[in-house]
Amino acid sequence: YSPHPPAEQSGELVRQRHRYQLLNTAFSQLSSLSSLPAAERSQRETPLQSKRATVEAWLTREASTLQKYRLDLAEQHQKTLALLRKQQTLILDEELIQWKRRQQLAGNGGQHEGGLDILQSWCEKLADLIWQNRQQIRRCEHLTQQLPLPGPMEELLRKLNADITDVISALVTSTFIIEKQPPQVLKTQTKFAATVRLLVGGKLNVHMSPPQVKAAIVSEQQAKALVKNESTNSESSGEILNNNCVMEYHQATGTLSAHFRNMSLKRIKRSDRRGAESVTEEKFTILFESQFSVGGNELGFHVKTMSLPVVVIVHGSQDNNATATVLWDNAFAEPGRVPFVVPDKVKWPQICEALDMKYKAEMHTTRGLTEENLVFLAQKAFTSSSNNPEDYHNMTVSWAQFNRENLPGRSFTFWQWFDGVVELMKKHLKPHWNDGAILGFVNKQQAQDMLMSKPNGTFLLRFSDSEIGGITIAWVAENPNKQGERLVWNLLPYTTKDFSIRSLADRISDLNHLVYLYPDRPKDEVFAKYYTPPLSKAVDGYVKPEIKQVVPEFTSPNPEPSGVASTFMDQGVLPPAGHSSSFTIYHPVGDNILDTDAEFELDYPMDVARHVEELLRRPAVNQWSSQQ
């Protein structure tokens with residue numbers, strides 16, 4: 001709104017003051033007539049009375065006009081205030097809330113929130129407009145006090161001033177935000193960081209006297225009290241080290257922010273848990289608060305903002321359950337909720353969206369979960385055999401089903417199984433997933449049905465149903481004990497520990513009975529680029545040993561020709577150069593290792609592999625000293 005009306009009103013005030021002075025002069029002259037003779041007094045009184053009446057009539061009209069101007073101006077300020085409120089609602093209650101929602105989903109792997117600089121520019125322009133209008137209203141109040149007139153003007157201006165002060169206060173307190181959230185799974189005695197930012201700090205010159213920000217950890221109950229503006233006696237639920245930071249103004253970007261770089265949660269005070277709730281379901285929040293003033297100490301503010309829910313752990317073994325609590329909260333929290341209420345049940349498609357988002361983020365891939373993958377997960381979650389995705393669309397999953405109750409016949413929950421898969425994949429198998437080499441989400445019966453229609457030697461990779469973070473190889477081959485019979489075999493699941501010894505690609509290369517990756521891709525075409533290069537030739541008369549995986553029932557009883565220096569056999573170790581070749585072949589053990597119904601139990605070969613790995617860590621001279 002243009003600032004000209006107050007200026008015009010000021011000019012009008014000067015003119016009215018002049019006429020007011022004329023009226024006072026007339027009154028003074030009339031008062032002095034009493035000392036004059038009657039004839040002279042009568043002669044001079046009549047024109048003075050006429051002059052006074054004229055001036056009084058004029059002043060009455062002008063006062064009425066001035067009052068009308070004042071009321072019109074107040075009405076314009078009311079309209080401007082309504083427009084400012086509407087714009088502020090759009091920015092704070094829509095754009096900023098959406099930004100915070102994107103930030104929350106980013107905790108589950110959603111797209112980065114972004115756009116904060118644009119939001120800041122909007123907030124700064126809005127702050128500028130609000131502040132200008134507030135100054136105009138205060139100027140009107142000053143002019144009204146200088147020349148008071150009967151009527152409602154003073155009360156109108158007082159209310160306008162209070163209303164626009166509320167608007168600027170809401171803008172300042174709402175734009176004190178957390179730009180970088182602290183980790184939502186927070187381990188005690190571990191450093192962590194966070195950044196808070198005041199989006200209107202530069203425009204309102206808060207940076208001229210940089211305020212200090214303090215961080216504290218509070219419980220869910222304390223957070224509820226804060227939202228209701230109830231006193232919490234400034235108590236916290238733990239002790240955070242390095243929890244004070246001064247806000248810094250960055251001239252180049254125009255941002256005012258506080259970067260907490262070395263905070264550490266020294267201790268935590270837990271509350272009494274409800275029912276079956278575990279420590280990894282208890283939610284806290286990091287509270288950031290600060291005090292500062294704007295407009296030359298004209299307005300003082302005490303601002304607070306709370307982080308996304310935080311789950312505190314003391315050991316790494318609690319991480320997966322804590323992550324489940326955070327994922328459920330980030331995915332299903334409603335805007336404006338009471339801290340930190342979440343629904344106990346959600347529709348299966350919502351679960352699918354959250355799991356797919358998490359999977360793609362952890363794997364750093366655009367290849368997410370397919371409809372077939374999600375059907376497999378639904379079968380696991382609901383203990384169902386239906387392959388129709390539509391059957392699950394209206395089904396709900398409770399928090400208890402997700403990560404409180406174990407899957408039927410297992411010692412782990414649905415989430416613990418899924419999280420184990422994610423951990424295994426991102427640590428060791430990410431390239432193979434991106435190549436489409438791992439089907440993964442296939443049960444044993446599906447694997448058998450898929451493989452039995454394929455040539456012998458066809459195999460696929462699927463996640464273990466019985467072990468957290470396990471992946472197994474299923475393949476179709478002749479039954480070594482019954483000629484003409486074809487069976488589908490399953491290896492004992494590999495875990496992170498196994499791939500730390502030898503990679504998946506090398507293990508598949510070792511197993512010559514694996515020929516085609518389902519449906520019909522030659523295995524070398526898929527995995528060759530990941531094979532470990534052949535060992536170098538002997539140095540100083542020694543050849544480096546290697547580990548090789550074998551499945552005894554599918555290994556030829558005769559060693560390959562030994563004319564190449566780098567040749568190795570099974571899991572034996574090569575002898576030093578110059579000695580006669582002496583290979584150890586592990587003879588087939590009992591049939592209990594290969595089981596067409598159960599998964600392949602490969603304990604013995606795995607133990608040998610780990611033993612050989614231990615030998616490889618020792619100096620070669622010690623290994624062969626007895627043979628030299």
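Is T383 buried or exposed? In this predicted model, T383 is exposed, with a relative accessible area of 57%.

## Residues with positive phi

T383 belongs to the loop between α8 and β13 (396-398). Its phi is near 50 degrees, a positive value in a residue other than glycine.

N205 likewise has a positive phi, near 60 degrees, and is not glycine. This residue is placed in the loop between β3 (191-198) and β4 (212-219). N205 counts as partly exposed because its relative accessibility is 46%.

## Packing of α8 against α10

Helix α8 (residues 371-382) and α10 have axes that come within 12 Å and cross at roughly 150 degrees. Angles over 145 degrees count as roughly antiparallel, and the two helices are therefore described as roughly antiparallel to each other. Their crossing is right-handed.

On the α8 side, N373, F376, L377, K380 and A381 meet F414, W417, F418 and W433 of α10. By class, this contact comprises seven nonpolar, one polar and one charged residues.

## Packing of α6 against α10

Helix α10 (residues 414-434) also packs with helix α6 (residues 319-332), at an angle of about 105 degrees and with the axes 10 Å apart. α6 and α10 are therefore roughly perpendicular to each other. N320, N321, T323, A324 and L327 of α6 make the contact with W415, Q416 and D419 of α10. By class, three nonpolar, four polar and one charged residues take part.

## Cis peptide bonds

The bond from P339 to F340 is cis, with omega near -20 degrees. F340 lies in the loop between α6 and β12 (345-347).

Y518 and P519 are also joined by a cis peptide bond, with omega about 5 degrees. The loop between β17 (516-517) and β18 (521-522) contains P519.

Key. Residues are numbered from 1 along each chain as its sequence is written. This is a predicted model: local features need pLDDT of at least 70, side-chain atom pairs count only at pLDDT 80 or more; totals for chains, interfaces and linings use all residues. Side-chain values use heavy atoms; hydrogens and water are left out. Axes are lines fitted to C-alpha atoms, for helices over the stretch in contact, and angles run from 0 to 180 degrees between N-to-C directions. Helices (H or I, at least four residues) and strands (E, at least two) are DSSP runs, numbered from the N terminus. Angles under 35 degrees count as roughly parallel, over 145 as roughly antiparallel, 65 to 115 as roughly perpendicular and the rest as oblique. Contact means heavy atoms within 4.5 Å. Ala, Val, Leu, Ile, Met, Phe, Trp, Tyr, Cys and Pro count as nonpolar, Asp, Glu, Lys and Arg as charged, and the others, Gly among them, as polar. A crossing is left-handed if the near helix is turned anticlockwise from the far one by less than a right angle, and right-handed if clockwise. Buried means under 20% relative accessible area, exposed over 50%, partly exposed in between (1.4 Å probe, protein chains only).
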